[in-house]
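Visitor: I am new here. Please show me the structure, and then let me ask how its descriptions are reached.

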Amino acid sequence: MVQITSPAFKRNAARALGDAGLQKALGKAKGAFLQRRAEAVARLPEFEALREIGRDIKNHTLANLDVYLEIYAANVERAGGTVHWCSTAEEARAAVLEICRKAGARTVTKGKSMISEEIALNDHLERHGITPVETDLGEYIIQLRGEHPSHIIAPAFHLNREDWEADFRRMHTDLPADRVFHERRDILAEARTKLRERFLAADVGITGANFLIAETGSSVIVTNEGNGDLTQTLPRVHIALASIEKVVPTLEDACTLLRLLARSATGQDFSVYTTFSTGGRRPGDLDGPEEYHVVLIDNGRSNMIGTEFQEMLRCIRCAACMNHCPVYGVTGGHAYGWVYPGPMGSVLTPSLVGVDKAGHLPNASTFCGKCESVCPMKIPLPKMMRHWREREFERHLTPAAARRNLGLWAWFAKRPGMYRLATRAAVGALRLLGRGKGAFRSLPLAGGWTAGRDLPVPEGGTFMARYARMQRGR
Amino acid sequence: MSRDAILSAIRRGLRRGPLPADQRAMIEGRLATHPRHLIPARSRLPRAEQVALFIRNVEKEFGTVARVPGAQDVPAAVADYLAAQNLPSRFALAPHPELTGLPWSSRPMLEFEARRAQPSDAVAVQHGFAAIAETGTLMLPSDAARPTTLNILADTGIVVLRASRIVGAYEEAWDLLRAERRDPVTGGFMPRNVMLVTGPSRSADIEQTLELGAHGPRRLHIILLDDDPAVLPAA
């Protein structure tokens with residue numbers, strides 16, 4: 001099981017802020033994503049209209065999810081494939097293991113899949129004597145390092161070029177120790193050579209799925225490297241792992257979502273390889289897998305339907321929310337403590353592992369709203385983080401001091417006269433205390449707050465006082 | 001059984017039982033008619049401009065295009081490209097009648113076998129089913145005559161494409177497949193595999209900096225056969 005360290009988010013975040021290598025990697029990587037996305041969106045005047053349509057397609061599908069899943073599964077079977085319905089991570093791991101055993105598999109190659117991380121598939125296969133080989137370049141180095149991805153589309157977001165070189169020297173011991181990596185390209189070439197052997201030797205290929213198409217019974221993967229295609233084409237057996245909310249009705253629906261996905265994710269107009277797989281090898285085909293399996297995984301998602309978190313199931317895993325998040329931008333992905341980082345993780349992780357373990361995550365937000373404004377599926381992420389804070393409060397999971405202060409605040413907030421009096425007194429006192437300072441570096445009774453940030457000295461009176469002045473000036 | 005558990009959990013969430021017949025019929029109608037959504041204006045162009053847009057987009061994504069006037073010119077275009085790139089003149093060829101029937105003997109130096117790709121192949125020549133101008137994307141459906149390994153295994157991929165097969169949007173390419181293909185297993189149109197390919201393989205996993213040639217072809221070259229009088233390049 002991927003160990004859940006979300007309860008230690010505060011400690012994780014503090015460590016991340018002090019990690020010079022991580023800060024360097026985050027600084028370099030972030031700007032590139034933001035700029036490329038902005039340019040791709042600017043090249044497509046219909047982008048906003050497509051977001052609305054994409055949201056409606058997903059809403060329609062979720063409102064009829066049972067029907068679309070039934071039709072999807074029937075069409076997979078018509079094409080000679082097998083669907084394995086799995087309620088839990090445990091069932092999904094068992095289903096994959098059984099397919100691998102029946103195939104007599106010793107090694108399996110893997111395309112990038114976040115659901116594979118979620119069900120902790122690699123550990124399970126290894127424990128049962130099957131070697132999983134990650135073939136996405138980023139996933140490959142993460143596996144060499146024994147780590148987990150720090151980003152849902154760029155797993156090695158937290159690494160610098162020096163890390164790649166050092167890890168390749170350490171792990172590829174059959175190559176000359178004094179070889180030189182002049183360019184990033186040389187690192188890529190070495191991985192390509194190493195992984196080529198693994199692609200050819202694998203007995204089973206496992207990929208994820210970006211979409212499932214009900215109309216045709218197809219699973220869709222989107223990659224730039226081509227590793228997913230080698231993974232699913234060369235071995236005798238292909239397993240696609242997919243969670244239930246990946247289904248969309250038709251190819252036309254998928255086209256609309258694909259127009260949003262790459263632009264939001266990497267800022268490309270379209271990814272290099274978008275591949276639709278439907279069943280196994282047909283009579284006369286000269287290549288491709290003979291067996292095609294879909295492991296269809298719920299793992300907590302059906303419980304989100306009909307709740308205030310249903311809209312989260314529209315997510316197409318583009319990562320725009322984390323790329324634009326000021327919190328992710330300084331902590332990186334590992335601090336979030338489970339599989340899904342950033343704003344989408346702050347909503348999804350409490351749904352899947354429980355708010356008792358992941359309550360810090362929806363609190364680790366400035367509510368700046370950037371995530372919602374870039375989300376191609378228009379998911380109201382800040383609103384849902386607020387829902388989690390409410391649930392945490394209702395279940396008495398919020399720390400006692402915070403509850404006490406919230407109670408105090410609520411008492412004043414319900415009595416506007418008292419509230420104005422109190423804020424006027426507080427602002428006055430702070431101005432007096434902070435004369436000539438500009439900002440407080442520490443404050444009595446607010447040490448926890450000022451430990452991580454400064455408090456500006458108030459200027460120009462309370463909000464209500466300023467508002468009243470503005471109204472009079474009209 | 002987990003199938004029933006998942007479906008009933010979904011229905012519980014939706015606060016209903018199995019969908020009533022009339023609503024189910026609406027869903028089936030939507031699948032049967034598969035309505036199109038908004039298609040971006042960028043590809044709504046006269047034929048000649050659509051082809052020009054396709055070429056521009058392929059080149060933007062680091063692919064290359066050579067236009068040839070007739071089928072008899074394809075072998076020379078393949079030979080010239082391989083020579084210019086300093087590549088061996090041996091390749092795996094898609095066993096498609098439009099390709100195997102070309103006058104290859106006009107270029108006796110070229111050696112090829114019509115088959116799927118093998119790991120040792122440096123060059124593969126594939127048959128292009130259709131292409132999409134909107135993003136410079138090739139549609140390559142698998143078939144006995146169009147093996148998938150030719151798309152991904154060799155270092156250099158060459159695709160022979162007729163200009164008359166270039167459409168504006170993805171939806172139009174799917175409609176070609178819907179109209180032209182019958183699957184021997186399902187009776188529908190989807191083959192085992194359809195790849196939409198936009199440029200050569202790449203990765204940005206090292207410091208989010210783009211490098212070409214990850215696991216698929218490092219080079220993607222399209223030989224565009226000008227078979228459509230409406231789209232002949234301006235003289």
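Guide: Domain bounds come from an automatic or database domain assignment. For chain B it gives domain 1 (1-35) and domain 2 (45-231). Their C-alpha centres lie 40 Å apart. This is a predicted model: local features need pLDDT of at least 70, side-chain atom pairs need 80 or more, and totals for chains, interfaces and linings use all residues. Residues are numbered from 1 along each chain as its sequence is written, while chains are lettered from A and ligands numbered from 1 in written order.

Visitor: What makes B:Trp174 in helix 7 of chain B a buried residue?

Guide: A residue is buried if 20 or more other C-beta atoms, placed from the backbone, lie within 10 Å of its own; 12 or fewer make it exposed, and in between it is partly exposed. In helix 7 (residues 170-180; helices are DSSP runs of H or I, at least four residues), B:Tyr170, B:Glu171, B:Ala173 and B:Trp174 are buried.

Visitor: Why are the buried residues said to line one face of helix 7 of chain B?

Guide: The arc uses directions from the helix axis to the C-beta atoms. Here the buried residues fall within 160°, so they line one face. The face turned away carries exposed B:Ala179 and B:Glu180.

Visitor: Why is the crossing of helix 9 and helix 10 of chain A called left-handed?

Guide: In a left-handed crossing the near helix is turned anticlockwise from the far one by less than a right angle; clockwise is right-handed. Helix 9 of chain A passes helix 10 of chain A in the left-handed way.

Conventions. Helices (H or I, at least four residues) and strands (E, at least two) are DSSP runs, numbered from the N terminus.
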